Amino acid sequence: MTTTTTTPPVGHVIPISTRKSQTLYGFVLIGVGLLIFLLFGLDTEAGVTTTFGMNLVGSEAVTIPNIIVPSQATVFLMAAVAVFIGAFHLSRGIRSLGVVLGVIALTFIIAFLTWAAQDKSFNLTGMISSSFVRATPIALAALCGVVSERAGVINIGIEGIMLLSAQVAVVAATVTQNLWIGLLMAILAGALIAALHAFLVIRFKVDQIVSGVAINIVGAGTTSFISSRFLERATDTLNNSGTFPIIKIPLLSKIPVLGPTLFENNIIVYLMVFLVIALHLMLFRTPWGLRTRAVGEHPKAADTLGVNVHLVRYINVILGGMIAGIGGAYFTIGSVGRFDEIMTAGKGFIGLAAMIFGKWNPIGAFASSLIFGFADSLQVKLQILRVPIPSEFLLMAPYIVTMIILTGVVGRAIPPAADGQPYEK
Amino acid sequence: MTNVLELRGITKRFPGVLANDKVDITLREGKILALLGENGAGKTTLMNILYGLYKPDEGQIFVRGQEVDIQSPNDAIARGIGMVHQHFMLVPVMTVTENVMLGVEPTKNGVFLDHDKVADRIREISDQYGLEVDPHAYIKDLPVGIQQRVEIIKVLYRQADILILDEPTAVLTPQEVEGLFRILQTLIDKGKSIIFITHKLKEVMNAADDITVLRLGRIVGSIDPKDATPEILASMMVGRDVNLVVMKQPAKPGEDVLKVNDLYVRDERKNMTVNGVSFDVCKGEVLGVAGVQGNGQTELVYALTGLLPVESGEIYLSGTAIHNKSPRTILEHGVAHIPEDRQRHGLILSFPIYDNMMLCTYYEAPFAKGVSLQENVIQNNAETLVKQYDVRTPNIYVNASALSGGNQQKVIVAREFSRPIQLLIASQPTRGLDVGSIEYIHNQIIKKRDEGTGVLLVSSELDEILALSDRIAVMYKGQIMDVLDAKNANKDNLGLLMAGVHPSESTQKEERLP
Ligand SMILES: Nc1ncnc2c1ncn2[C@@H]1O[C@H](COP(=O)(O)OP(=O)(O)OP(=O)(O)O)[C@@H](O)[C@H]1O
Ligand SMILES: [Mg+2]
């Protein structure tokens, strides 16, 4: 992990206006409490209950009882907790901003769900596990970003790479009747497009944003064209691959809630988890990682120590492309078994946001992806519940909460110093 | 005695510049060779060739009598050559250990970095050569003096026995310079050989075993330090006699031009680094601000020039409040600024010289007419200034980045002095400059003073402060320890004040001080 140490400053130290932020967040908390009360509290009735389903149909997990709570009391309790903690923060101050923001998010979300599902049942475990699955392509996109930006090359073409490799995966898998070949071809496709990006920006010093945008445009255009021209006419021979089976990990998948979430997934989800951990270790504990970070921060320094700056950048951008290729494969052979136009729906860009919120660390990027995945899955669930608020607002709310948490907890994210700059001797 | 290193007939051309012209250099085993030369003489270029960063157009390199082909830093490292660069090559967000092992990383089980092994080795090197440093500290938290030790450790870790140090003393405080020379002596005692580039002539005579002088890319000659005097060295470097003592008349101070009242400023990390500073500068005098770097001088200057906001307190320029005004407003009031970091605040390196020459006033007549720039006027202005201030450049169309450090500085001085000013704020105005340029810039500052401009001179060079100032303020931990009359100031009492100690009562206090 990168730890940030602060220098012993010269002269007096007055900590960054903690007083101001204390007042601010204190009032925000109280505001959230009031909001909970006004928005949800007034719209619940006494005697009505909300059921949170804790079991997933078809899962191997040990069955546990569902949680049934009185709706109104729970919402009022959440409002009270927010107001109380807000008042406490105002008067005494809570050291960790993370705790404060966690309380904001938690009270709001619990109250919101309780209200939305009053008199109904809401499958909590289902939502948690679908959050995890929905986070997978986002996390893979974010990892692609981390690997290449840590070496100083911006790749905003992830969306395009994922689209292309999604299509390559499904076609290859359908034609060969082998999902593994589909995955392999997707990785290869990702590597090739990334190699082109690397070649353009390293060798010819083409602007990295321009090259990335070009990849996105080409990706969207080509796949849509191929899709409407060929795939739609020959669905069975070209665009019907089936998907990777769910692998249930023995024993572990029996754990309630966690089992269905973490241990009943297909290979791509497991691959994503493996990559998060492996890349984190590699980035901070191996020679490759050290060189990568040095090249992204101060390429000239790396050069004077005999590190081949351009080689490191080529390797990383291509490696990132391979990871994005896996992310692309997820959309087709990892989830629905066929290709639809523009099916990545901006996940590549959300992945870039997750990378930034995660401060260019694999684990941080993964954690942010989870939050985005959660927002995504919540939004879908709520539409099913038919909550009586405009769906536009529903779509927005989780993201707003996400933003507040992320900006507050994460603070200013500082990119690698040489990010986006071509290196010349 | 053998020669560990010989360069023969090295030639290097850049577009429009002959940076090295058939240069021969010999380094004797276990000796310190000092390489002197004006700004732009080609010293750094020559060393970069030796280290494999540039490829020479002609010439041969011999290490211990054997001709070697150095294509990259890796080749140089393999031959036992190590270099400490003029601008440090350290990754700020990494630890000392990480910086040292980069490129030659030892691993545990062949996979994971072995930080402990490197940290132990760093401690060994520290003990052996007196290079104290915490292996786990982050570079960005270390003062430059320590960063330089890390650079030297990097070189020693790679088992170099030929060390190149490119202007190692330019950014160091006097105390750090002393420490560095002790370290160099230890290195020599342990059998290393050193090439050492500097502009400070006294250092050369104390430390070097051999001196070689470059001018305009050519070897002017070598001289035995025993026969050298600063005057001889200076004239070898510059090709004419240089006046090393600043000639000046006593100041005739007029009314206040700058008045600072109880100023508090936070630095970019939000730490309060200027802690209640009050002083004033009069017309026609030089107020020197002495102090070890990092005691708030930088932030003080940034606040005065509008680059950092003022937390509290006031700044008046001839009676007009200028605190928290924009840099443009401040310079329109007649403030000139020679910034400490010339590449960041003084120039736009990717702009040609002629544009850099009018950056402060580009939006006004005569440089602009309505919305269009007057290219003729701009270029004529640059031609005149380049001649008047003797900027060494092929022409006015080259980018500022292609100039050597000293000539970049001259471009800034020319621009700032060519418009009407009432206050000059000069921060480390001669850092990294050769004696000729120093003489020139010092004379210009005194000339401005005599014309009635108030001058605030911030420098960590005590010699410079003593040579130019009429009064001297000493900063320590964001406060002014004392303001001395230049007559009463000497290195001893300034040194004590700079360390935060008030010298005995006998020192006369300046009556101006509240
Ligand atoms: N990369 C480059 N491209 C073009 N010209 C260059 C380059 N590097 C150096 N020069 C030119 O070569 C000459 C020698 O520069 P060099 O940096 O070697 O001088 P120096 O002796 O180290 O000066 P200083 O004391 O200012 O560091 C200068 O005229 C400079 O403008
Ligand atoms: Mg140089």
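Me: How much area is buried between chain B and chain A, and what share of it do carbon and sulfur atoms give?
Reply: Keep in mind that this is a predicted model. The contact between the two chains involves 38 residues of chain B and 31 residues of chain A. Together chain B and chain A bury about 3,000 Å², and the carbon and sulfur share is 62%.

Me: Which residue of chain B forms a salt bridge with R293(A)?
Reply: Between chain B and chain A the count is two salt bridges. In the one with R293(A), the closest N and O atoms are 3.0 Å apart, inside the 4 Å cut-off. The partner in chain B is E98(B).

Me: What does the side of chain B that touches chain A look like by residue class?
Reply: Six residue pairs are in polar contact across this interface, both at pLDDT 80 or more. On the chain B side, the elements giving two or more residues are α2 (73-78), α3 (96-101), β8 (112-113) and β14 (272-282). By class, that side holds ten charged, ten polar and 18 nonpolar residues.

Me: Why does the radius of gyration of chain A agree with a compact globule?
Reply: Chain A has 16 helices and five strands, and its C-alpha trace spans about 70 × 65 × 40 Å along the principal axes. With 425 residues, a compact globule would come out near 22 Å, so the radius of gyration of chain A agrees with that, at 24 Å.

Me: Now for the domains: how far apart are the C-alpha centres of domain 2 and domain 3 of chain B?
Reply: The assignment for chain B puts domain 2 at 253-334 + 420-514 and domain 3 at 343-419. In terms of contact, 19 residues of domain 2 of chain B meet 16 residues of domain 3 of chain B. The C-alpha centres of these two domains of chain B are separated by 26 Å.

Me: Which residues of domain 2 of chain B lose the most area to domain 3 of chain B?
Reply: These two domains of chain B bury about 1,500 Å² between them, with 59% of it on carbon and sulfur atoms. On the domain 2 side, three residues together make up 31% of what is buried there. They are R328(B), L331(B) and Y440(B).

Me: And which element gives the most to the side of domain 2 of chain B that touches domain 3 of chain B?
Reply: Between these domains of chain B there are zero salt bridges, but seven residue pairs are in polar contact, both at pLDDT 80 or more. Both α10 (327-332) and α15 (435-450) of chain B supply at least two residues to the domain 2 side. With six residues, the one that gives the most is α15(B).

Conventions. Residues are numbered from 1 along each chain as its sequence is written. Chains are lettered from A and ligands numbered from 1 in the order in which they are written. This is a predicted model: local features need pLDDT of at least 70, side-chain atom pairs count only at pLDDT 80 or more; totals for chains, interfaces and linings use all residues. Side-chain values use heavy atoms; hydrogens and water are left out. Domain bounds come from an automatic or database domain assignment. Contact means heavy atoms within 4.5 Å. Buried area is the accessible area (1.4 Å probe) that two parts lose on being put together, summed over both. A salt bridge is a side-chain nitrogen of Lys or Arg within 4 Å of a carboxyl oxygen of Asp or Glu. A polar contact is a pair of N or O atoms within 3.5 Å; within protein, one must be able to donate a hydrogen and the other to accept it, and residues adjacent in sequence count only if both atoms are side-chain atoms. Helices (H or I, at least four residues) and strands (E, at least two) are DSSP runs, numbered from the N terminus. The radius of gyration is taken over C-alpha atoms; the globule rule is 2.2 Å times the number of residues to the power 0.38. Ala, Val, Leu, Ile, Met, Phe, Trp, Tyr, Cys and Pro count as nonpolar, Asp, Glu, Lys and Arg as charged, and the others, Gly among them, as polar.
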